[in-house]
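Colleague: I'm new to this one. Could you put it on screen and walk me through it?
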Amino acid sequence: MTSKIASTPTRICCIGAGYVGGPTMAMIAKQCPDILVHVVDLNQSRIDQWNSSELPVYEPGLQEVVEEARGRNLTFSTDVEGAIRDANIIFIAVNTPTKAFGIGAGRAANLEFIEKCARKIAECSTGHKVVVEKSTLPVRTAEAVKRILKSAANGATFDVLSNPEFLAEGTAVQDLLQPDRVLIGGESAAAVEQLVAVYGRWIPRDKILTTNLWSSELSKLTANAFLAQRVSSINAISALCEATGADVDEVAKAIGTDSRIGPKFLKASVGFGGSCFQKDILNLVYLCEHFGLNEVAKYWEQVVVMNDYQKKRFSARIVRTMFHTVSDKKIAIWGFAFKKDTNDTRESAAIHICRDLLEERARLTIYDPRVPESQVRSELEGIFKDALGVVSERHKQLIRDHVTVVPDAYSAAENAHAIAVLTEWDEFKKLDMERVFQGMHRPAFLFDGRNIMDACRLSEMGFEVHSIGRPSYHGNA
Ligand code: NAD
Ligand code: UGA
């Protein structure tokens, strides 16, 4: 088996052309011009976008990477079966959302798409193939994948590797170009070496870690849990700062200079979002419960509880500060993506803040540089879905009547009673705030959910500024 692996030229297939599959495969194709990389997806319109100049994923620098390799050794298509047949390394990068129904609903990972991929691979394969789990999965998923693959009736054989992805959105290209590490878990040394050889084209060997399968699967969930825990920890302290007059950014700096703690991921915010932190922690919690580790489960669950508290606290503060009512007041929402430099809005804190403000009957004028109106409206409808997935007519009407999506930050703030900064887009720091102030009602409230605005300067202009975990500034206008 070893010689079979080593002697075959590498042809890669990736199932799933999303935020992970697209950028990771584009980078492999860019760095390895002699390897044919075929990315496939069931979603025709997503594939069409990957083949166009309007990629489905906004990432700084990604367009150039894709354009360098596309048509040379990088292909996007919906031919899942053909791509599986031709490849000797098959990545699975499909979505693994939180289960919305049945046993483990709201916690466990929904592995339906992974299983379908494994069955499709078993069905279409001949010879020997290396199957790589790129999606984030519960520990021991590879066992199930191996069993399904073993059922292949056509004599095909497989090695299964775990190669979780650590890129962050907004910095995907840089993260893929110079990752802190690449992690590869597997049982077959030859298969592991084959994948090491691919990454080894541009990543120093000492940054490619190899482990057993289960350590690799669990390390991915653990990394996300630790990162999210840091955000919840600093956000918990931000509440105490607001109560005591301490400044959370000063506290973060003071503790972050301790080399044992480090400065990264200590930015207090309106709450973490994104498709993965909450999903992966809930999955970890479910796994712990499954193994009877209830105290461990409760410990990690608190990270999500604290994040929910932080979002609620922010919207409640807006209502309280604005004389206990925002009904019929216009609030400008600056930023809807879950972080800057991405068009991704999955689990964005902005969705929750907007929901809370809509329930208070505020009129929202939303601006995000990268998120289209249809996406904003669909996310807002999504948050009002009931247990059966239905949005009531009343909620649809509420969104229709109270939400306007506008093409720039100035028009969002025109005639507004308040501004809520919910994503840390750089352009918000460069706005002409005098102009913004002139167009607003008095008092001109600004709620900075990202601590990016210069509160002191803005208060001199007349704004009343409320940030996360910092003293408030009351303007004099
Ligand atoms: P995504 O939803 O953007 O993309 C997944 C794609 O898989 C979709 O386009 C979907 O149509 C396709 N798909 C689903 N089932 C399929 C099938 N049977 N055949 C072909 N295509 C199929 O998801 P994503 O954000 O790219 O995440 C993928 C995985 O990577 C998840 O497990 C996630 O936890 C993990 N991850 C995501 C990130 C991130 O930044 N988004 C980072 C690291 C890891
Ligand atoms: C995160 C991890 O950083 C990646 O390593 C991982 O691969 C990925 O999840 C995944 O598995 O999907 P991502 O969610 O893209 O990446 O972005 P992050 O930079 O981690 O930010 C997550 C959220 O936390 C954002 O809403 C961000 O605004 C918030 N955050 C982050 C803070 O509020 N404060 C911080 O200090 C850092």
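Colleague: Which helix gives the most to the shell around ligand 1?

Modeller: Helix α6, residues 112–124, with three residues. Helices here are DSSP runs of H or I with at least four residues, strands are runs of E with at least two, and both are numbered from the N terminus. One caution: this is a predicted model, where local features need pLDDT of at least 70, side-chain atom pairs count only at pLDDT 80 or more, and totals for chains, interfaces and linings use all residues. Residues are numbered from 1 along each chain as its sequence is written, while chains are lettered from A and ligands numbered from 1 in the order in which they are written.

Colleague: How many residues surround ligand 1, and which are the closest?

Modeller: 26 surround ligand 1. The closest are Gly-16, Gly-18, Tyr-19, Ser-135 and Thr-136. Near means that the C-beta atom, placed from the backbone, lies within 6 Å of the molecule or strand.

Colleague: What classes are in the shell around ligand 1?

Modeller: It has 12 nonpolar, nine polar and five charged residues. Nonpolar covers Ala, Val, Leu, Ile, Met, Phe, Trp, Tyr, Cys and Pro; charged covers Asp, Glu, Lys and Arg; the others, Gly among them, are polar.

Colleague: And ligand 2: which residues come nearest?

Modeller: Lys-267, Ser-269, Phe-272, Gly-274 and Cys-276, out of 20 residues around ligand 2. By class, that shell has 11 nonpolar, five polar and four charged residues. Helix α10, residues 213–244, gives the most to it, with three residues.

Colleague: Where else does α10 sit?

Modeller: Across β6, β7 (182–186) and β8. α10 runs at about 140 degrees to β7. Such angles run from 0 to 180 degrees between N-to-C directions, and the axes are lines fitted to C-alpha atoms, for helices over the stretch in contact.

Colleague: What is the strand order in the sheet of eight strands?

Modeller: β3-β2-β1-β4-β5-β6-β7-β8, an open sheet with mixed pairing. Its edge strands are β3 (74–77) and β8 (208–211), and each pairs on one side only. Two strands pair if DSSP finds at least two bridges between them. On average, neighbouring strands of this sheet are turned by 25 degrees against each other, direction ignored.

Colleague: How many bridges join β1 to β4?

Modeller: Four, and the two strands run parallel. β1 is residues 11–15 and β4 is residues 89–92. Cys-14 stands opposite Phe-91 in β4.

Colleague: Now the sheet of six strands. What order does that one have?

Modeller: β11-β10-β9-β12-β13-β14, open, with parallel pairing. β11 (403–405) and β14 (464–467) are the edges, each pairing on one side only. Neighbouring strands there are turned by 20 degrees against each other on average, direction ignored.

Colleague: What does β12 pair with?

Modeller: With β9, in the parallel sense, over four bridges. β12 and β13 also pair in the parallel sense over four bridges. Ile-331 stands opposite Ala-418, Ala-332 has Ile-419 as its bridge partner, and Ala-420 has Phe-447 in β13.

Colleague: Are the β12 residues buried or exposed?

Modeller: Buried. Ala-418 and Ala-420 point one way, Ile-419 and Val-421 the other way. A residue is buried with 20 or more other C-beta atoms within 10 Å of its own, exposed with 12 or fewer and partly exposed in between, with C-beta atoms placed from the backbone.

Colleague: How many residues of helix α2 are buried?

Modeller: 10 of its 11. Among them are Gly-21, Pro-23, Met-27 and Lys-30.

Colleague: Changing topic. Where is the cis peptide bond?

Modeller: Between Arg-442 and Pro-443, with omega about -10 degrees. Pro-443 is in the loop between α18 (433–438) and β13 (445–448). Most peptide bonds are trans, and most residues other than glycine have a negative phi.

Colleague: What is phi at Arg-140?

Modeller: Positive, about 85 degrees, although Arg-140 is not a glycine. Arg-140 sits in the loop between β5 (128–133) and α7 (141–150). Arg-140 counts as partly exposed because it has 13 C-beta neighbours inside 10 Å.

Colleague: And Asp-341, what is its phi?

Modeller: Near 60 degrees, again positive. Asp-341 is in the loop between β9 (330–334) and α14 (349–359). Asp-341 is buried, as 20 other C-beta atoms lie within 10 Å.

Methods. Contact = placed C-beta atoms within 7 Å.
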